[in-house]
Amino acid sequence: MSVYFLCLVLFSIGLYCTLRKRNIIKIVIGLGIIEYAVNLFFVLVGYKMAGRSPILSPNQAIENMVDPIPQALVLTAIVIGLAVTALIVAIALRIYEKYGTFDITKIKRLHG
Amino acid sequence: MLELHLLLLFMIVAAVVAVEIKDLLSSVIAVGAVGLGVSLSFLLLKAPDLAITQLVVEILCLIILIRATINKDLPLVKDGRWFFNTLSTLSFLAVFLLFAYFALKSLPVFGKPIMRIAEVYLKEGLAKTGAANLVAAIILDFRGYDTLGEATVLFTAVIGVMAVMRKVGRIRK
């Protein structure tokens with residue numbers, strides 16, 4: 001269970017960064033850390049002790065494989081995380097062009 | 001599983017460095033260290049496809065973030081309601097950790113997953129799909145509609161990036 005706990009600590013660091021920091025790039029970094037922690041947690045839940053990777057090979061009996069379903073879901077989640085990070089960074093760069101700052105408390109003129 | 005613990009501790013240290021360091025470029029590099037640690041732990045957790053994908057995605061993510069932070073190094077200001085902000089953040093974290101404690105208690109023990117559906121896939125995956133890699137069989141065959149929806153999300157995000165970054169904006173009168 002200590003592995004789950006360490007994963008939770010990683011998630012909490014990302015959540016703290018997202019909530020507390022005022023720089024937009026720091027917020028993006030916090031979201032990235034949260035994403036890593038969640039992906040890792042899914043794979044941890046599907047891990048079987050002393051298991052094999054879920055790839056079949058000829059002349060070998062299928063025994064004691066890890067759970068392939070979390071791996072399949074995380075595989076697409078990783079790629080989507082990249083696209084979402086790119087979208088956030090694009091919006092942050094637009095904000096920087098318009099307001100000249102990354103500080104979220106300085107961005108007040110929300111109209112056109 | 002000692003090496004997994006060591007990797008997780010390394011990732012936690014790198015994450016703390018990424019959160020607390022002043023220089024934005026160093027922060028981005030530290031978060032890259034976290035991502036590579038995630039890739040190595042996928043390899044330890046017997047998920048080689050995930051390790052490869054995470055490596056490639058991590059490098060692309062670093063390039064995007066460095067593009068955003070280069071030449072734009074701004075110091076973090078610490079004025080205003082510092083005490084109130086920290087207090088509200090920490091109280092939210094405390095509530096979250098309380099719920100997480102109850103959730104962690106009801107999880108199965110690490111190393112013994114509940115594999116009711118996966119057993120069927122492991123047993124009949126080769127006969128039904130013909131794919132030796134069962135992760136690929138699940139992505140492209142058993143859960144094909146999930147993958148279709150996720151590809152839709154991916155392309156929507158790409159269209160969003162193109163719409164945000166385009167040069168020609170609204171013409172002002």
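A crossing of two helices is called left-handed if the near helix is turned anticlockwise from the far one by less than a right angle, and right-handed if clockwise. By that definition, α1(B) passes α2(B) in a left-handed crossing. Helices here are DSSP runs of H or I with at least four residues, numbered from the N terminus.

Before I continue, please note that this is a predicted model, in which local features need pLDDT of at least 70 and side-chain atom pairs count only at pLDDT 80 or more, while totals for chains, interfaces and linings use all residues. Residues are numbered from 1 along each chain as its sequence is written, and chains are lettered from A and ligands numbered from 1 in the order in which they are written.

Let us stay with the pair α1(B) and α2(B). Two packed helices are described by the angle between their axes and the distance between the axes. The axes of α1(B) and α2(B) come within 8 Å and cross at roughly 165°; axes are lines fitted to C-alpha atoms, for helices over the stretch in contact, and angles run from 0 to 180 degrees between N-to-C directions. The two helices are therefore roughly antiparallel, a label for angles over 145 degrees.

Which residues of α1(B) meet α2(B)? Among them are B:L7, B:F10 and B:M11 in α1(B), and the residues of α2(B) in this contact include B:V31, B:V34 and B:L44. Contact means that two C-beta atoms, placed from the backbone, lie within 7 Å.

In α1(B), the buried residues are B:L8, B:M11, B:I12, B:A14, B:A15, B:A18 and B:V19. A residue is buried if 20 or more other C-beta atoms, placed from the backbone, lie within 10 Å of its own, exposed if 12 or fewer, and partly exposed in between. The buried residues of α1(B) pack against α2 of chain B, together with α1 and α2 of chain A.

I turn now to the contact between the chains. It takes 75 residues from chain B and 71 residues from chain A. On the side of chain B that touches chain A, α3(B) gives the most, with 12 residues. That side divides into 55 nonpolar, 14 polar and 6 charged residues.

Is α4(B) itself largely buried or in the open? Of its 24 residues, the number buried is 0, so α4(B) lies largely in the open.

Finally, I mention two loop residues. Most residues other than glycine have a negative phi. A:A50, in the loop between α2 and α3 of chain A, has a positive phi of about 55°. B:K46, in the loop between α2 and α3 of chain B, has a positive phi near 65°. A:A50 is exposed because it has 9 other C-beta atoms within 10 Å, whereas B:K46 has 22 such neighbours and so counts as buried.

Definitions and conventions:
Nonpolar A, V, L, I, M, F, W, Y, C, P; charged D, E, K, R; others polar. Parallel < 35°, antiparallel > 145°, perpendicular 65-115°, else oblique.
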